[in-house]
Amino acid sequence: MNRSRFLTRGWSCPTATEMRAIDRDTIEREGIPAELLMETAGREVAEAIVSRFPECRRPLIVCGPGNNGGDGFVIARVLREWTSRCVPTVACFGDSARLSPEARSNLDRLRPLGLSILNRPDEKELAQRAADCDLVVDALFGVGLKRAIEAEYAEAIRVLESARRPVVAVDVPSGISSDTGLPLGPWLPADLIVTLGLPKLGLALKASDSEILVVDIGLADASLQRVAPRQHVLTPSAAAALLPERPLDGHKGSFGHVLVVGGSAGKTGAVALASEGALRTGAGLVTAAVPRSLHPILEVKLTEAMTLGLDDLGDGRLAGAAGEQIGNELQNRDALVLGPGLGQAPETARAVSEVLARTSVPAVVDADALNVFESNPAALCGPGPRVLTPHPGEAARLLSRSSADVQGDRVAAARELAALARAIVVLKGARSLIATPEGEVWVNPTGGPGLAAGGSGDVLAGVIAALLGQGLSSLDAARLGVYLHGSAGDAGPRVGGLASEVATRIPQVWEALLAVDPGEQEPELARRPHRFS
């Protein structure tokens, strides 16, 4: 992979279709034999096993009928050749007549080694072998799996999981979709996943404690460039490359003035958190604007941010006339956050629509401001750059579908919403996504249970707006903001952390990114483990 491309875009994460195209292009156009790719893949996995499990002596290598199984045959042979103390058992599943020529050749090379090779073992025999082994190598299915695992394969996975032995998965854990990261029926969790050539999209999308090792198997860089996967996973170096400059002679006027508009009765905290997120991300100035009757509350809550009272219906709801007032304020602002805690009164919706229809100031549209455009995301288009930050429920309302549908294919939903709204979309959740109207998608690997607290999304809106105010494009602000926000969550406790504490950790994770050595993330060093979490 080209180094500069890697540094700015992160890892490419191909779908199954794209991965097959890269493989085919490498073989057919670049002339690299399929046998060599399989041999390299098997040896890399074997090397990982020896490195991570040096005491392994009795691995059970479970092979399917595809090329993933062929990789398993190579692993068994190489482990046996490297040390006489390691005696693998190979369990073959599926129709052996369907083996590819490369897989067949590698199966034949096993036979003179005197290893135990089981053909479609029944449940009892597999259970016994699993109980006797000290490591399971899962080479049943690779990236091509599209349907739920059934029959003998499903039973094999249940037996292997119940054995409670360490598991190494080859490329993708069997039973997991390599496109969505979702289970397709029974699946086999792995302690270590050795993925071949590139991290697959499903691995990037699935929140997991598994160690993921990306190994170089000799795929041609030219093939990757020609196929050009449209999905990427952010890396520390890719995020660090987006950090805006902080000139030594800079002052509060140098780093943008963010206007945060939101709040309603009982929800002033959302505005305060978004404001704090912006301040902690380096905004020079922040003004928090709320319905006028709530203004005294903000005066007490916020010290560093300025405050502004907006036209009010009298009960803490934003009046429609506030749209013009906000528009006037934006003439001297560099970025806008619109929506946290705003409520859904019809008059409030009118103000939101008016602001977004007229302003050219870069804007983060969040929470109730998104709900104004239910089933009509195209109306979010306006003269200025937009970053939309829906959670799955808000995305579902915008797209007129269920949250389950959105979660069933998050990448597709983010792409569709970005295309309809002609905006950058941040689809929040475990492994938040950043999608462009042109269809490119980034998966953010940071962020976990530490962000599962009310108000963390408000902080994120402020973080992204601060970066917009410092001159980043809407795409770069979204990518860097999501990465920083997730890192700040990861730097805190898994349980009991507060959203305001996430904001306070933004400066420390910013400093940590400044210290990232780009050379540490080069793809040429892919033999090193690369964790997505």
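This is a predicted model: local features need pLDDT of at least 70, side-chain atom pairs count only at pLDDT 80 or more; totals for chains, interfaces and linings use all residues.
1. Arg57 sits in the loop between helix 3 and strand 2 (59–63). Helices (H or I, at least four residues) and strands (E, at least two) are DSSP runs, numbered from the N terminus. Beyond its neighbours within four places in sequence, Arg57 is in contact (heavy atoms within 4.5 Å) with Arg85, Cys86, Val87 and Asp134.

2. Residues are numbered from 1 along each chain as its sequence is written, and side-chain values use heavy atoms, with hydrogens and water left out.

3. Helix 3 (residues 34–52) packs on helix 4 (residues 67–82) at an angle of about 55°, the axes being 8 Å apart. Axes are lines fitted to C-alpha atoms, for helices over the stretch in contact, and angles run from 0 to 180 degrees between N-to-C directions. Helix 3 is therefore oblique to helix 4. Angles under 35 degrees count as roughly parallel, over 145 as roughly antiparallel, 65 to 115 as roughly perpendicular and the rest as oblique.

4. Residues in the contact include Met38, Val45 and Ile49 of helix 3 and Val74, Val78 and Trp82 of helix 4. By class, the contact of helix 3 with helix 4 has 11 nonpolar, three polar and six charged residues. Ala, Val, Leu, Ile, Met, Phe, Trp, Tyr, Cys and Pro count as nonpolar, Asp, Glu, Lys and Arg as charged, and the others, Gly among them, as polar.

5. Helix 4 also meets helix 5 (residues 101–110): the axes come within 8 Å and cross at roughly 25°. That makes the two helices roughly parallel. This crossing is left-handed. Phe73 and Val74 in helix 4 are among the contact residues, as are Leu107 and Leu110 in helix 5. The classes here are six nonpolar, three polar and three charged.

6. The whole structure has zero disulfides (cysteine sulfur pairs within 2.5 Å). For Cys56, the nearest cysteine sulfur is that of Cys86, 4.8 Å away. Cys56 is buried, at 9% relative accessible area; buried means under 20%, exposed over 50%, partly exposed in between (1.4 Å probe, protein chains only). For Cys63, the nearest is the sulfur of Cys92, 5.6 Å away. Cys63 is buried too, at 1%.

Key. A crossing is left-handed if the near helix is turned anticlockwise from the far one by less than a right angle, and right-handed if clockwise.
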